[in-house]
Amino acid sequence: MWLWQDLDHFAFNVSERLSGSEDYRSDEQFSRVAEELALRAQTRLQKLRDRFPDLQAVASHLAAQPVRRGWFWEPWNAGVAAALVGDVSLARQRFAAVLDEEPIAPWMGDAQQTAREVVTMMHDRDAVSAWALSRIASCRQRLRLT
């Protein structure tokens with residue numbers, strides 16, 4: 001989840017299915033399953049931390065994603081990350097894709113307005129950084145993250 005989205009719920013922007021499901025039969029049976037899942041999650045978390053050690057790695061990952069109509073948040077997040085690392089050309093391109101989407105829900109219109117705001121400041125990396133830090137702090141508070 002990219003906290004600069006400033007959501008009040010968790011979103012899974014980078015995810016993968018690792019295994020199927022397990023039925024609950026008893027506390028004893030399921031406690032072993034839960035413990036195994038927790039250990040696998042811990043391993044996956046470290047792999048994600050290794051994959052995204054810094055903002056440049058995040059920006060590179062997001063830039064490599066194709067722009068697909070209907071996948072609204074992918075170019076939006078790529079635009080933010082590009083603006084944060086100073087890639088104005090890519091940020092402009094990805095935000096253009098965001099603005100090209102039909103805002104079929106109010107949240108889309110709000111996100112498009114935010115994209116317009118970031119576009120106006122993206123030549124000033126300090127302003128973009130301050131904007132992102134403010135949104136991240138707000139999101140952390142909404143999600144009650146430490």
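**Exercise 1. A salt bridge and its partners**

With which residue does E22 form a salt bridge?

*Solution.* The model considered here is predicted.

Step 1. The partner of E22 is R25, and the closest N and O atoms of the two are 3.5 Å apart. A salt bridge requires a distance within 4 Å, so the pair qualifies.

Step 2. E22 has a relative accessible area of 40% and is therefore partly exposed.

Step 3. R25 has a relative accessible area of 58%, so R25 is exposed.

Step 4. Side chains of opposite charge can pair when their charged atoms come close. By the rule applied here, the count of salt bridges comes to five.

**Exercise 2. Salt bridges across the sequence**

Determine which parts of the chain are linked by the salt bridges R142 with D6 and D100 with R69.

*Solution.* 

Step 1. In the salt bridge between the side chains of R142 and D6, the N to O distance is 3.2 Å. R142 belongs to helix α6 and D6 to the segment before α1, so this pair ties together parts that are 136 residues apart in sequence.

Step 2. R142 is partly exposed, at 43% relative accessibility, whereas D6 is buried, at 15%.

Step 3. The side chains of D100 and R69 meet at 3.3 Å, N to O. This pair links distant parts of the chain: D100 is in helix α4 (residues 88-100), and R69 is in the loop between α2 (55-64) and α3, 31 residues apart.

Step 4. Both D100 and R69 are exposed.

**Exercise 3. Aromatic pairs**

Classify the ring pairs W2 with W4 and W76 with W131, and describe the setting of each residue.

*Solution.* 

Step 1. The count of aromatic pairs comes to eight. Among them, W2 and W4 have ring centres 5.8 Å apart and an angle of 15° between the planes, and this pair is stacked.

Step 2. W2, at 12% relative accessibility, counts as buried, and W4 is buried at 6%.

Step 3. The ring centres of W76 and W131 lie 6.4 Å apart with the planes at 55°, so this pair is tilted. W76 is in helix α3 (residues 73-85) and W131 is in helix α6 (residues 125-142), 55 residues apart.

Step 4. W76 is buried, at 1% relative accessibility, and W131 is buried, at 12%.

Step 5. Ring pairs also join W76 and W131 with F72, W73 and W107 in a cluster.

**Exercise 4. The segment before α1**

Contrast Q5 and F10, which lie in the segment before α1. Which is buried, and which is exposed?

*Solution.* 

Step 1. Q5 is buried, with a relative accessible area of 3%. Leaving aside residues up to four places away in sequence, Q5 touches N13, W73, W76, N77 and R135.

Step 2. F10 is exposed, with a relative accessible area of 51%. Together with F12 and L145, F10 makes a nonpolar surface patch of about 350 Å².

**Exercise 5. The chain as a whole**

*Solution.*

Note on methods. Residues numbered from 1 in each chain as written. Predicted model: local features only at pLDDT ≥ 70, side-chain atom pairs only at ≥ 80, totals over all residues. Heavy atoms only, no water. Phe/Tyr/Trp six-rings, centres within 6.5 Å; stacked < 30°, edge-to-face > 60°. Buried < 20%, exposed > 50% of the residue type's maximum accessible area, 1.4 Å probe, protein only. Helix = DSSP H or I, 4+ residues; strand = E, 2+ residues; numbered from the N terminus. Patch = residues over 30% accessible without salt bridge, like charges linked within 9 Å, V, L, I, M, F, W, Y side chains within 5 Å. Areas by Shrake-Rupley, 256 points an atom, 1.4 Å probe, with all protein chains shown as cover. Contact = heavy atoms within 4.5 Å.
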